[in-house]
Amino acid sequence: MDVHVPGHEGIGSIVKLGSGVGDRRRIGQRVGVKWINETCKTCDICQKDETLCPDQHNSGRDTPGTLQEESKRRFCLDMGASHFFSFTDPEIEQGIHAITGHGGAHAIVCCAGAEAGYNQAPRLLRRGAIHLPHIKIC
Ligand SMILES: [Zn+2]
């Protein structure tokens, strides 16, 4: 499985509840996501120490991690960003050009876990903008 969402052992607050969650969780509740998402629970190693299971699945390694959209949005806005756009937003180019006076951004910090974000970033910059080398998160 090719995981495009990095991050493990994250913490945050619940912003939306899915069906089947029950009444144990509520919006606004602080929660954490453990590194081990799943183990086989049947091997000899699991019988002694589940954290060492060779067949374990981990958050951010082979299952989607904790650096998800809402975390990124909140982090950027808390750090002083005036706007937040996801590279998956189909209107991102129009949105960025609209708030920058149709010239594009002066600079972009791209920290996407998917190559598409790095390929898209140059199209969002204005002429003469700072063009940082592409750094792919592995
Ligand atoms: Zn096991």
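Biologist: To begin, what share of the 138 residues in the protein chain is buried?
Modeller: Buried residues make up 5% of the 138 in the protein chain. A residue is buried if 20 or more other C-beta atoms lie within 10 Å of its own, exposed if 12 or fewer, and partly exposed in between, with C-beta atoms placed from the backbone. This is a predicted model, in which local features need pLDDT of at least 70, side-chain atom pairs count only at pLDDT 80 or more, and totals for chains, interfaces and linings use all residues. Residues are numbered from 1 along each chain as its sequence is written.

Biologist: What pLDDT does the protein chain average?
Modeller: The average is 83, and 89% of the residues score at least 70. pLDDT is the predictor's confidence in each residue, from 0 to 100.

Biologist: Where is confidence lowest, and where is it highest?
Modeller: Helix 4 (residues 115-120) is lowest, at a mean of 79. Helix 1 (residues 44-48) is highest, at 97.

Biologist: How many helices and strands are there?
Modeller: The protein chain has four helices and four strands. Both are DSSP runs, numbered from the N terminus: helices are H or I with at least four residues, strands are E with at least two.

Biologist: In which order do the elements run?
Modeller: From the N terminus on, the order is β-β-β-α-β-α-α-α.

Biologist: New topic. Where is F84, and what does F84 touch?
Modeller: F84 sits in the loop between helix 2 (69-78) and helix 3. Not counting residues up to four places away in sequence, F84 touches R73, C76 and L77. Two residues are in contact if their C-beta atoms, placed from the backbone, lie within 7 Å.

Biologist: How far apart are F84 and R73?
Modeller: They are eleven residues apart in sequence and 6.0 Å apart in space, C-alpha to C-alpha.

Biologist: Why does G128 count as exposed?
Modeller: G128 counts as exposed because it has 9 C-beta neighbours inside 10 Å. G128 lies in the segment after helix 4.
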